[in-house]
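Below is a briefing on helix packing, a pocket and some backbone features. Please read it alongside the sequence and the structure.

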Amino acid sequence: MKVLVVVDMQNDFITGALGTKEAVAIVPKVAEKIKSHDGIIIVTQDTHHENYLETQEGKNLPVKHCIKGTDGWKINDSVAEALKGKNYYTVEKVTFGSEHLPDIYKAINDKLNDDHIEEIEMCGICTDICVISNALLTKAFLPEVPVVVDASCCAGVTPDSHKNALEAMKMCQVKVVNE
């Protein structure tokens, strides 16, 4: 079984408070990847609250974003449409890496009985913050499962930081494809 993890494809990271043209450009590719995936999908959502600016992250990145319940917090419409009819989990996360991913992987493996997760592929935003955090967390939790990041379906804060994150993941035995 192959699992696809779609990281933070939310409006605030695409066209909102922290949006970039690179993020806008990957939306159709991510939607197509979701449509063509026939396994389980995990969708992460960066989730903050009104007190965001008082948090450690808010003090370092003082731009309110992904406030739960706002339009910026919602999954991009094209991505949400691609998810219709798919077998997927949604995971809210309050920090870069999701502390719940290992529990979901364990639950998936438990449901598969004699089968198991063969590969975990990741795509989404931001390559250099949340994608790398979740890829390395996943690799630490499941060191014998190949973790793949599709570079063509990821966008970083800047093109340079995107490339740097891809190189860092490669050094940690995460396979990067479609550069």
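Is the crossing of α5 and α6 left-handed or right-handed? The crossing of α5 and α6 is right-handed. The model is a predicted one, and the points below are grouped by topic.

**Helix α5 against helix α6**

- Helix α5 covers residues 101-111 and helix α6 covers residues 127-141; their axes come within 10 Å and cross at roughly 50 degrees.
- That angle makes α5 oblique to α6, since angles of 65 to 115 degrees count as roughly perpendicular and those under 35 degrees as roughly parallel.
- On the α5 side, the contact is formed by Leu101, Pro102 and Tyr105.
- These residues meet Asn134, Leu137, Thr138 and Phe141 of α6.
- Sorted by class, the residues in the contact of α5 with α6 are five nonpolar and two polar, with no charged residue.

**Helix α6 against helix α7**

- Helix α7 spans residues 159-171, and its axis comes within 9 Å of that of α6, with a crossing of roughly 15 degrees.
- The two helices α6 and α7 are therefore roughly parallel to each other, the cut-off for that term being under 35 degrees.
- The crossing of α6 and α7 is right-handed.
- From α6, the contact uses Thr127, Asp128, Val131, Ile132 and Ala135.
- From α7, Ser161, His162, Ala165, Leu166, Ala168 and Met169 take part.
- The contact of α6 with α7 holds seven nonpolar, three polar and one charged residues.

**Largest pocket**

- What is the volume of the largest pocket? The value is about 160 Å³.
- The lining of the largest pocket consists of 13 residues.
- Phe13, Leu18, Leu61, Cys126 and Ile129 are the lining residues that lie nearest the centre of this pocket.
- By class, the lining of the largest pocket has eight nonpolar, three polar and two charged residues.

**Backbone features in loops**

- Which peptide bond is cis, with omega near -15 degrees? This is the bond from Ile125 to Cys126.
- Cys126 sits in the loop between β4 (119-125) and α6, and Cys126 is also among the residues nearest the centre of the largest pocket.
- Gln173 has a phi near 65 degrees, which is a positive value in a residue other than glycine.
- The location of Gln173 is the loop between α7 and β6 (175-177).

Technical notes. Residues numbered from 1 in each chain as written. Predicted model: local features only at pLDDT ≥ 70, side-chain atom pairs only at ≥ 80, totals over all residues. Heavy atoms only, no water. Axes fitted to C-alpha atoms, helices over the stretch in contact; angles between N-to-C directions. Helix = DSSP H or I, 4+ residues; strand = E, 2+ residues; numbered from the N terminus. Parallel < 35°, antiparallel > 145°, perpendicular 65-115°, else oblique. Left-handed = near helix turned anticlockwise from the far one by under 90°. Contact = heavy atoms within 4.5 Å. Nonpolar A, V, L, I, M, F, W, Y, C, P; charged D, E, K, R; others polar. 1 Å grid on protein atoms, 1.4 Å probe; cavity = no way out; pocket = protein on both sides within 12 Å on 5 of 7 lines; lining within 4 Å. Points joined across faces, edges and corners; volume = space filled by probe spheres on them.
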